[in-house]
Amino acid sequence: MYDYTDFDEAFVRERVAQFTAQVERRLDGSLSEEEFRPLRLMNGLYLQLHAYMLRVAIPYGSLDPSKMRQLAHIAETWDKGYGHFTTRQNIQFNWPKLTDVPAMLDALADVGMHAIQTSGNCVRNVTADHFAGAAADEVADPRPWAELLRQWSTDHPEFQFLPRKFKIAITGAEADRAVIRAHDIGLQVVRNARGEIGFRVLVGGGLGRTPLIGITVREFLPEPDLLPYVEAVLSVYNTLGRRDNKYKARIKITIREIGEEALRGMIEARFEELRPEFHGADQALLGDIRAAFAPPAFRNAPVDGYEASFKSDPVFRSWAETNLAPHRNDQYAIVTISTKAHGRTPGDATSEQMRVIADLAERFGHGDIRISHEQNVILPHVHKGDLPAVHAALLAADLGTANVGLVSDIIACPGMDYCALATARSIPVAQEIATRFKALDLEHEIGPLKIKISGCINACGHHHVGHIGILGLDRAGVENYQITLGGSGAEDAVIGDKTGPGFAYDQVVPAVERILRAYLDQREGPQESFLDAFRRLGMDPFKAALYEAEGSRDAA
């Protein structure tokens, strides 16, 4: 992975020193909270319900063991012994004291990490496919371009005060594991008819108050044109984006106001102006960056131990069937480590668990760790012969849950347990759904399913693109949960449909159970997934099951 240069090191240390002085001025009263707020947000520090929260960037979700161990150290030294992995492939510490934040940032800088641009109206952490560089279906590893975008966008003088936050995601495969269609800019690595590498470019996706799927503005953008084209998109948005109303400030609203063709025309015109200003320095830099992402030295060894364990050990086999994905090297597998043990907070990992993951990556995983937008942790390169040992170590650390892609593998934002913006709880709903379906022993029978839960309209839990989406709202001081069905964040991305009136907190889990029992009753065999069944049957049979009991309806 990419290692900081002397320039990177000096840049981050300067920012730490600058923010340390700002914290001192806040503590001695020289800065009011109103004056301090934009300064702390530029450094990833939020004020939540109960304490400050520090959001740390994990660029395109990539970590190495030293970074993971440092996150563990930070969690137990200045927080409560755990961190929370987010849907933006970042990690959040929910309980730091303001006086300790400079030391936390300094500790991050020691291992080439920071919290810059994890907040604010700027280009946020560039996210990527968490299987990048390993996936069997990959056209090309997208991480070098993600790193190029990260370096280009960090403290870019023109784009530090955009109308609103701006999110970029990139994938190198046909299968979309990065939800690129729900980002301000989504990039997919593709090849044209001549076999040349380039990008399909989507613009204007986003969830939140106005959920929209991005539109394609270029079917094929040549690789050397990436930075000038992205700059053209941002430049047009920076000029046109609304600054009078934050709810109408995202580029998706700009598209609705001026139309798709007008936006395409303005982007292309701006691109023609910018392209001559790029003389190849970006491509030279990309060449240096690409060298940092060379494939590991895969070993050639027998996989007999894996095959024997798969045949003889049902616990291992269950885990292998759900938590492993095909690797580009047939002797290897991609391991997804679930942070969703039944009844636990989705996305949370203790300091000890982080150290276990770091040790496993170092011993068995070529020193490579990824964080997924689905709040799990990935070891992208594990030889199949080592999988039984990896699985045993994960089980001992309460990280061996075999549920990736199933009912209990739920995305959930922090909700009202932490977030000052939340209007309802998310975490307890996720926990209760997971424990309920474990007790029913229905997870594996139901099969692939993505449940996503948000505690407010900002949709940090991606509920709009959940096969089952749950949105918690405040209705006259009472939590009310709206359910949507049929959403997808994959290459067939679509916004889910609302089922009808919402449900009280204690009615949500029974409502989800009714939906899934209706699916089991009406599917065309186990091979038909919930999403496929919904698309075949439509809303009506699920809505009928959902509202079958008069007492289940909350007429909000």
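## The sheet

Let's start with an open sheet of 5 strands, ordered β3-β14-β15-β12-β11 with antiparallel pairing. Strands here are DSSP runs (E, at least two residues), helices are runs of H or I with at least four, and both are numbered from the N terminus. β3 (62-63) and β11 (324-326) sit at the edges with a single partner strand each, so one side of each has no neighbour in the sheet.

This is a predicted model, where local features need pLDDT of at least 70, side-chain atom pairs count only at pLDDT 80 or more, and totals for chains, interfaces and linings use all residues. Residues are numbered from 1 along each chain as its sequence is written, and side-chain values use heavy atoms, leaving out hydrogens and water.

β3 pairs with β14 (residues 369-371) in the antiparallel sense, over 2 bridges (two strands pair if DSSP finds at least two bridges between them). Here Leu-63 stands opposite Ile-369 of β14.

Now for α6 (residues 226-240) and α8 (residues 260-274): they pack at an angle of about 120 degrees, with axes 8 Å apart. Axes are lines fitted to C-alpha atoms, for helices over the stretch in contact, and angles run from 0 to 180 degrees between N-to-C directions. That makes α6 oblique to α8 (under 35 degrees is roughly parallel, over 145 roughly antiparallel, 65 to 115 roughly perpendicular, and the rest oblique).

The contact (heavy atoms within 4.5 Å) includes Tyr-229 and Val-233 of α6, and Met-266 and Phe-271 of α8.
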